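This briefing goes through a structure for a reader who is new to it. Lead sentences come first, followed by points grouped by topic.

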Amino acid sequence: MSEAGLLRMRLNGHPVVAPCEPARILLDLLRDDLHLTGTKRGCDLGTCGCCTVLVDGRPTLSCLTLARLADGHDVTTIEGISPPQGLSPVQRAFVESGATQCGFCTPGFIVTATALLRDHPHPSRAEIERAIAGNLCRCTGYTKIVEAIATAAKDGA
Amino acid sequence: MHLDPFALHRPTSVDETVRLAGSLAGRFDYLAGGTDLLPNYKMHLNLRPNLIALEDVGELRGHGAGRFGAMERLAELDDDPAIRAEYPVLADAVGEVATPLVRASGTVGGNLLVETRCFFFNQSYFWRESLGFCLKADGDRCHVVPQKEKCYATFSGDLAPALMALDAEVEVAGPAGRSRRPLEALYDAAGDGIRRVHLAPGELLVAVHVPAASRGLHGRYKKLRVRPSYDFPELGVAVAGRWDGDRVASLRLAVGGVEPHPRRFDALTEPLVGSALSDDRLRALADEVMRQLRPVHNTFLLPDYRKRMIGVYVRRAVDEARRGSAS
């Protein structure tokens, strides 16, 4: 790839080609260039987890990732976790458990929880709490978020 | 926050990385996981015109048989039950680094070489400009200990004390080839928060090696911080040892999060080998470690509190390691 070259990746299952400077952050590319605004910009310093996406299935803070390093990789955002119709099991559990208030942190939690349940389909409450330790919510107090993830696990998400 | 422009280099081998680093003559930073470097770049802290991304250098990955690649992600260690079984002090330390999301990208080498931290350094450009820049970035004076010679920024990695307690060595590649040195020799004990490591221009940290004799040592890493789920250490105490009944068969202790470099306390622990560690001797050890370390007022918690906690954490870490040995 040249200095002002083109970035090629699979984004939510589709091949994407986008111009990308070396200093472009993945979060900025997703939100500002590709208009996938489901991924949120919170602290922009890796503290809050609002910007979490999956890179090759690995939960990744997109605010601390150079977009160029996603070249050739598979990136999944909250838009890719939602099925074409309706909601994913984790999303549905969040709705039904009342795990969302202002909703700003929700995409990050959903992405993190989706990866957790993929790798550990039956997590304990302690494992859920540990897995979401990097996602901050300023509204809910976390109880309903943990309950939602436990519900999704029980429902076989 | 956007990053200022830089050239991004992506070598694929250690040799290529070393050649590239030599040609860039100090005008670069290595990019490992990026979880500390990129926040610092966003805050305009000591920007360099080149980044050498180590992502594609396969030799730097992987762990096993006592070797830990510098680019091995912390999450890989966190998820490996063998680490908990063989190196409990290291498992403790890995699990205490920031959050699972940071550990998903953060690396072994990045944590060992993490930038030193200070309340007057880890701030936005606007914040630092309003007060007057400091020695460590853009300025010529220290706001913590007012003078113009020495930076007091604190070493803030969690893995180094744990790996020191395991008697680890680091493997370094440079223009003259490969070499190994004790982990403590990586840090410049005579330096400060700016001159903090012994790595010549162009040298690259390749891996950490833990000797076979350290496998199975009982150990604990105790970390003091404000928010248990996220923060850098305000103090980190690592202990690894072996007990034969009540008798100490081996004991190593290292402390980070207090001074500009982590420190190992062999001179205090070696005399304890061969005899039982009474409560009085443990208290004397803790008091002497506390006496030798000097926190300054450059992090969230007050230095007096951090200093007193050194004694408390040393006692707890040794006691818990000893109890782990008995169980």
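Two residues are in contact if their C-beta atoms, placed from the backbone, lie within 7 Å. By that rule, 15 residues of domain 1 of chain A are in contact with 12 residues of domain 2 of chain A. The model is predicted.

**Domains of chain A**

- Domain 1 of chain A spans 6–81 and domain 2 spans 89–154.
- Between the C-alpha centres of domain 1 and domain 2 of chain A the distance is 21 Å.
- On the side of domain 1 of chain A that touches domain 2 of chain A, strand 3 and helix 2 (78–81) of chain A each supply at least two residues.
- Strand 3 of chain A gives the largest share of that side of domain 1, with three residues.
- By class, the side of domain 1 of chain A that touches domain 2 of chain A has eight nonpolar residues, six polar and one charged.

**The sheet of chain A**

- Chain A has an open sheet of five strands, in the order 2-1-5-3-4, with mixed pairing.
- Strand 2 (14–19) and strand 4 (58–61) of chain A each have a single partner strand, so they stand at the edges and one side of each has no neighbour in the sheet.
- On average, neighbouring strands of this sheet are turned by 40 degrees against each other, direction ignored.
- Strand 1 (residues 6–11) and strand 5 (residues 74–76) of chain A run parallel and are joined by two bridges.
- Arg10(A) has Asp74(A), in strand 5 of chain A, as its bridge partner.
- Helix 4 (residues 106–119) of chain A packs on the sheet and touches strand 3 (52–55) and strand 4 of chain A.
- The direction of helix 4 of chain A makes about 35 degrees with that of strand 3 of chain A.

**Helix 3 and helix 6 of chain A**

- The axes of helix 3 (residues 89–97) and helix 6 (residues 143–154) of chain A cross at roughly 135 degrees and come within 8 Å.
- Helix 3 and helix 6 of chain A are therefore oblique to each other, and their crossing is right-handed.
- Helix 3 of chain A brings Pro89(A), Val90(A), Ala93(A), Phe94(A) and Ser97(A) to the contact, where they meet Lys144(A), Glu147(A), Ala148(A), Thr151(A) and Ala152(A) of helix 6 of chain A.
- The contact of helix 3 with helix 6 of chain A has six nonpolar, two polar and two charged residues.

**Helix 11 and helix 12 of chain B**

- In chain B, the axes of helix 11 (residues 279–292) and helix 12 (residues 303–326) come within 8 Å, crossing at roughly 140 degrees.
- That angle makes helix 11 of chain B oblique to helix 12 of chain B.
- The crossing of helix 11 and helix 12 of chain B is right-handed.
- Residues of this contact include Leu282(B), Leu285(B) and Val289(B) from helix 11 of chain B, and Ile310(B), Val314(B) and Val318(B) from helix 12 of chain B.
- The contact of helix 11 with helix 12 of chain B divides into eight nonpolar residues, one polar and four charged.

**Contact of chain B with chain A**

- Chain B has 23 residues in contact with 24 residues of chain A.
- Strand 1 (7–9), helix 2 (37–42) and helix 6 (100–103) of chain B each give at least two residues to the side of chain B that touches chain A.
- That side of chain B has 14 nonpolar, six polar and three charged residues.

Methods
Residues are numbered from 1 along each chain as its sequence is written. Chains are lettered from A and ligands numbered from 1 in the order in which they are written. This is a predicted model: local features need pLDDT of at least 70, side-chain atom pairs count only at pLDDT 80 or more; totals for chains, interfaces and linings use all residues. Axes are lines fitted to C-alpha atoms, for helices over the stretch in contact, and angles run from 0 to 180 degrees between N-to-C directions. Helices (H or I, at least four residues) and strands (E, at least two) are DSSP runs, numbered from the N terminus. Angles under 35 degrees count as roughly parallel, over 145 as roughly antiparallel, 65 to 115 as roughly perpendicular and the rest as oblique. A crossing is left-handed if the near helix is turned anticlockwise from the far one by less than a right angle, and right-handed if clockwise. Ala, Val, Leu, Ile, Met, Phe, Trp, Tyr, Cys and Pro count as nonpolar, Asp, Glu, Lys and Arg as charged, and the others, Gly among them, as polar. Two strands pair if DSSP finds at least two bridges between them. Domain bounds come from an automatic or database domain assignment.
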